[in-house]
Amino acid sequence: MTYLITQACCNDASCVAVCPVNCIHPTPAEPQFMKTDMLYIDPQACIDCGACVPACPVNAIAAEDELEEKDTPYLEINAAYYTKYPTAPDFPSPPSSPRKNFADEPLRVAIVGSGPAANYAALELMRHSAVEVNMFERLYTPHGLIRFGVAPDHPGTKAVTDTFKVLDRKPGFSLFLGVEIGNHLSHTELAAHHHAVVYAMGASADRSLGIPGEELPGSHAATDFVAWYNGHPDYADLDVDLSSERAVIVGNGNVALDIARILVTDPDDLAKTDIAPHALDALRTSNIREVVILGRRGPAQAAYTIAEFLALTQLPGIDLVIDPLNAELDPTSAGLLQSGALDPTTRIKVDMTSDVAREGSHTADRRIVLRYAESLERLLGNDRVEHVEIMRNHLVEGSDGEVKATPTGDTHLLEAGLVLRSIGYQGTPLPDLPFDPSRGTIPNTEGRVVDPDTGAPVPGTYVAGWIKRGASGGIGTNKKCAADTARHLVDDYEAGRLPAPSQDRSWLEGLVAERQPEAADGSAWVRLDAAERALGTEQGRPRVKIIGVDEVLAVISRT
Ligand code: NAP
């Protein structure tokens, strides 16, 4: 018997650290880490001890003999990794304790943002004694993309917030809610009170396609649409029109799949999740029956992960439709497949696509259609989107070996009233900090922010998560990323590279009170969280999100 990792894998490698026989890979020490869809258990090496099960923050590990029918493909998915990477080095021992006694001068760090990367950075820093961490969040709710990005029908992924609860009990940890850096406080002011500032505010901005008609009503960025259905206060009023029968999504990453599912899932099922009440109301009257997802390249290059694709094939009452001709592999990918050289997870992905194309059912009244090698050329309509023009692509191997899409000139029109561009997230610049607009990140070397012209470190300034490395990877991939940054920060502190703060704590608290009288602390979130869960219990839901700022302030100001 072996244990297996399944769909909810968050990649944070908590399981790796507890495995006594090093049978879970890739480990954070291996080059494949953060590059694979998920982690995998080696069926040959697993000793069936089950130590990994309680360590998993998202309940993604199951015993082979207790596997649900829908999860049986994970037997092959876990084993396939080891056909390419049969051996791997050991997980490194944890970092040694600091060389210097922090008690002489407690290390004080500000963390900007409260999402996964911010929390993982705080956890790593607070493993040391005598460390103070002040976390700043511009909203009145913490957890960033876990609350506003993870799809409501993925409650297991959201359970990772339990891992962060330990911070609430740590002496020296403070949460400042409703405080925006770059607005209420500047980088210089934060730096004056701390040895170091870690920016971990994610990458929440959209990217545009730059095609005609993109600005028509009915055309939205996926980032906005996701924020809308997840109850982000800035997007609660987004004008989402679901009156047409067809939606088109551009891009085929996991965000595209999340959106497609939400658009066609039975609203009675969504009513059991924490989806925003306004989105649930809108979806109850939605006319959308078909969602077309356009990938500009082929099935072998699809950006979605196997786990999310597999889940799409198992949705009750929804057909997944793939046209066999449209899904044919380009010559390069077909050659790799034939020679057996295709990466094992890509091979499984391609096989699954062929299976759906061959056997997919066409009986339900709602469906998700996956199209490949097609790009959006323009959006058409009088007052709003009515049609899209789609271009068929050639797939050719570039000089770098990557398969690239080039237009064939062959176009066709498709009727659609809702168009969502799901082509990735990017970061936004902050005053007083360097920014790389081409990558949408803050320039850095292994988490140390650098001046892009000279490459010199910006003293005491660090980054973690998507703003450090770009918008890729699920929640848990931020664990190693943030821990690496935190370790460099501690190294710099120990080596005397971080000057002592020039201001004390009372100065910081006074400044926050003066600039943002409505700032709240961690206890405010405890009250809001309890209020949302209580509302949820009344309605048979995990929580009912309280969204409007006035309503939130009313709840958190209750004692
Ligand atoms: P993504 O995975 O990077 O996918 C972006 C998609 O947009 C790709 O299909 C890409 O195609 C396409 N694209 C980019 N520029 C384009 C253009 N100009 N025209 C047409 N297509 C274009 O991004 P994402 O879906 O936003 O996800 C971000 C990260 O969050 C990913 O790592 C994802 O796995 C993770 N995530 C995970 C989950 C989960 O685990 N359940 C859920 C949501 C998000 P090319 O490949 O051809 O560039």
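Among the 22 residues around the ligand, those that come nearest are N252, V255, R296, R297 and G473, where a residue counts as near if one of its heavy atoms lies within 4 Å of the molecule. The model is predicted, and local features need pLDDT of at least 70, side-chain atom pairs count only at pLDDT 80 or more, and totals for chains, interfaces and linings use all residues. Residues are numbered from 1 along each chain as its sequence is written, and side-chain values use heavy atoms, with hydrogens and water left out.

An N or O atom in the side chain of N252 lies 3.0 Å from an oxygen atom of the ligand, and a polar backbone atom of V255 is 3.1 Å from a ligand oxygen atom. For E308, an N or O atom of the side chain is 3.2 Å from a nitrogen atom of the ligand.

E308 also takes part in helix packing. Helix α10 (residues 254-264) and helix α13 (residues 306-313), both DSSP runs of H or I with at least four residues, have axes that come within 10 Å and cross at roughly 20°. The axes are lines fitted to C-alpha atoms over the stretch in contact, with angles from 0 to 180 degrees between N-to-C directions. The two helices are therefore roughly parallel, a term for angles under 35 degrees. Contact, meaning heavy atoms within 4.5 Å, is made by N254, L257, D258 and R261 of α10 and by E308, F309 and L312 of α13.

Technical notes: Parallel < 35°, antiparallel > 145°, perpendicular 65-115°, else oblique. Polar contact = N/O pair within 3.5 Å; in protein donor to acceptor, adjacent residues only side chain to side chain.
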